[in-house]
Amino acid sequence: MLQLPNTRYSGLALATLLGALSPTTSASEMFAKDSPWMLGDWGGTRSELLEKGYDFTLGYTGEMGSNLHGGYSHDRAARYSDQFTFGVNMDLQKILGWQDTEFQLTVTERHGDNISNDRINDPRVGGFTSAQEVWGRGETWRLTQMWIKQKYFDGTLDVKFGRFGEGEDFNSFPCDFQNLAFCGSQVGNWVGGIWYNWPVSQWALRVRYNLNDALYAQVGVFEQNPSNLESGNGFKLSGSGTQGAVMPIELVWSPRVNGLKGEYRAGYYYSNAKAQDVLKDSTGAPAAISGAAYRSSSSKHGLWLGAQQQVTALASDQSRGLSLFANATVHDKKTNAIDNYVQAGVVYKGPFDARAKDDIGFALARVHVNPGYRKNARLINQANGLDDYDNPGFLPVQDTEYSAELYYGIHLADWLTVRPNLQYIRHPGGVSRVDDVLIGGLKIQSSF
């Protein structure tokens with residue numbers, strides 16, 4: 001029997017879709033298709049504020065997922081999760097006369113359920129990817145951004161300080177796909193214990209040096225504080241609970257190949273906080289057998305590579321055409337469950353003349369589990385005398401998970417895009433005993 005998703009905000013999503021179909025005559029009016037905002041220009045007030053340096057934003061992302069076939073539980077269901085974003089960007093040069101300075105404040109609220117949690121993945125170990133990327137980090141309000149940024153030497157040096165996440169600047173990647181394996185900064189997805197992506201923020205400093213118009217280097221220092229993940233700490237500003245710092249460094253090249261945009265990233269992160277070994281105790285013996293505490297390492301590290309390149313374009317519209325992308329991350333085998341991840345895909349924008357702003361995307365990903373982490377699970381089962389997968393106390397051994405997603409983005413208005421999608425996950429959570437799963441999804445992205 002199909003269970004319907006949580007409908008707290010489903011009425012809003014429906015109203016947003018219907019609003020996109022409403023005819024209007026002026027871009028400044030509510031629901032005008034060529035306006036960047038669903039609520040219009042507030043009678044001209046919004047444009048006036050923007051001219052004075054105040055840019056207000058209200059965004060909404062909603063995602064539905066349904067297990068059409070397979071998974072840990074074959075009982076079909078549908079889940080809905082969403083996020084509201086409230087923000088303001090202030091041009092402090094216009095407001096206060098501070099040269100090349102801006103301030104950003106953003107608050108987010110997440111709500112809903114994820115089909116991955118109880119239908120797709122074995123709950124004894126959970127999963128790696130998520131069929132609804134907007135779910136996570138608690139159903140709560142959070143201070144997601146509170147930073148000030150200033151440029152020096154005609155923009156050559158760019159300094160940003162305040163509260164924000166690593167993925168805003170480092171290992172950054174768009175989030176048009178619904179599966180987490182193809183959305184946003186991927187380092188944070190595989191070392192979530194130290195690298196916190198949106199909507200979590202922490203105290204941070206980022207310094208960027210522009211070597212030329214197409215090349216820059218940047219370095220950051222981010223507070224590593226697990227207490228920031230707790231739902232009750234969404235607006236926590238104190239540093240209590242801090243364990244150390246995450247320090248990423250990255251080189252970003254943005255060339256034009258035959259006149260078409262590209263972006264290439266290479267980076268490395270280092271954490272100076274203590275990290276727990278995935279297998280051994282302080283003597284070098286398997287902790288699952290000795291019963292001793294897992295040994296700790298004095299640091300944790302990894303690296304990433306990313307590429308995006310448009311390869312074709314229409315002569316009449318350079319924004320339409322085929323783009324390729326790929327991302328890879330590699331992590332410390334001693335302390336991280338995932339040792340490597342790779343992903344690649346394509347996006348075609350403007351597939352039809354009548355739908356010039358629509359887009360089609362397809363991607364594949366592979367998440368690989370550290371052999372030491374797998375060995376530890378086997379030894380835990382051995383120590384407990386368990387070898388039957390169906391025993392509730394058995395710890396499933398995780399290996400490799402494969403994901404794929406195909407979406408079609410329907411550009412209903414400049415403020416609304418709806419992306420129905422199909423996802424296929426082989427060995428959910430890296431557990432071969434879990435049936436491969438087919439998921440039907442729907443992603444709504446809107447700006448009010």
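Q: Why is Trp195 called buried?
A: Trp195 has a relative accessible area of 0%, and buried means under 20% (exposed is over 50%, partly exposed in between; 1.4 Å probe, protein chains only), so Trp195 is buried. This is a predicted model, where local features need pLDDT of at least 70, side-chain atom pairs count only at pLDDT 80 or more, and totals for chains, interfaces and linings use all residues. Residues are numbered from 1 along each chain as its sequence is written, and side-chain values use heavy atoms, with hydrogens and water left out.

Q: What makes Trp195 and Trp304 an edge-to-face pair?
A: The structure holds 16 aromatic pairs. In the one formed by Trp195 and Trp304, the centres are 5.5 Å apart and the planes stand at 80 degrees. Rings of Phe, Tyr and Trp (its six-membered ring) pair if their centres lie within 6.5 Å, and planes under 30 degrees apart count as stacked, over 60 as edge-to-face and the rest as tilted, so this pair is edge-to-face. The pair links distant parts of the chain, with Trp195 in the loop between H5 and S6 and Trp304 in strand S13 (residues 300–310), 109 residues apart. Helices (H or I, at least four residues) and strands (E, at least two) are DSSP runs, numbered from the N terminus.

Q: Why do Tyr389 and Phe394 count as edge-to-face?
A: Their ring centres are 6.1 Å apart and the planes sit at 65 degrees, so the pair is edge-to-face. Tyr389 and Phe394 are buried.

Q: Why is Phe31 called partly exposed?
A: Phe31 has 23% relative accessibility, so it counts as partly exposed. Phe31 lies in the loop between helix H1 (10–20) and helix H2 (45–52), and its phi is near 65 degrees, a positive value in a residue other than glycine.

Q: What makes Asp100 partly exposed?
A: Asp100 gets that label because its relative accessibility is 33%. Asp100 sits in the loop between helix H3 (92–95) and strand S3 (101–112), and its phi, near 50 degrees, is positive too.

Q: How do you know that Lys160 sits over the ring of Phe164?
A: The charged end of Lys160 is 4.3 Å from the ring centre of Phe164. A charge sits over a ring if NZ of Lys or CZ of Arg is within 6 Å of the ring centre and within 35 degrees of the ring normal. Arg208 likewise lies over the face of Tyr216, at 4.2 Å.
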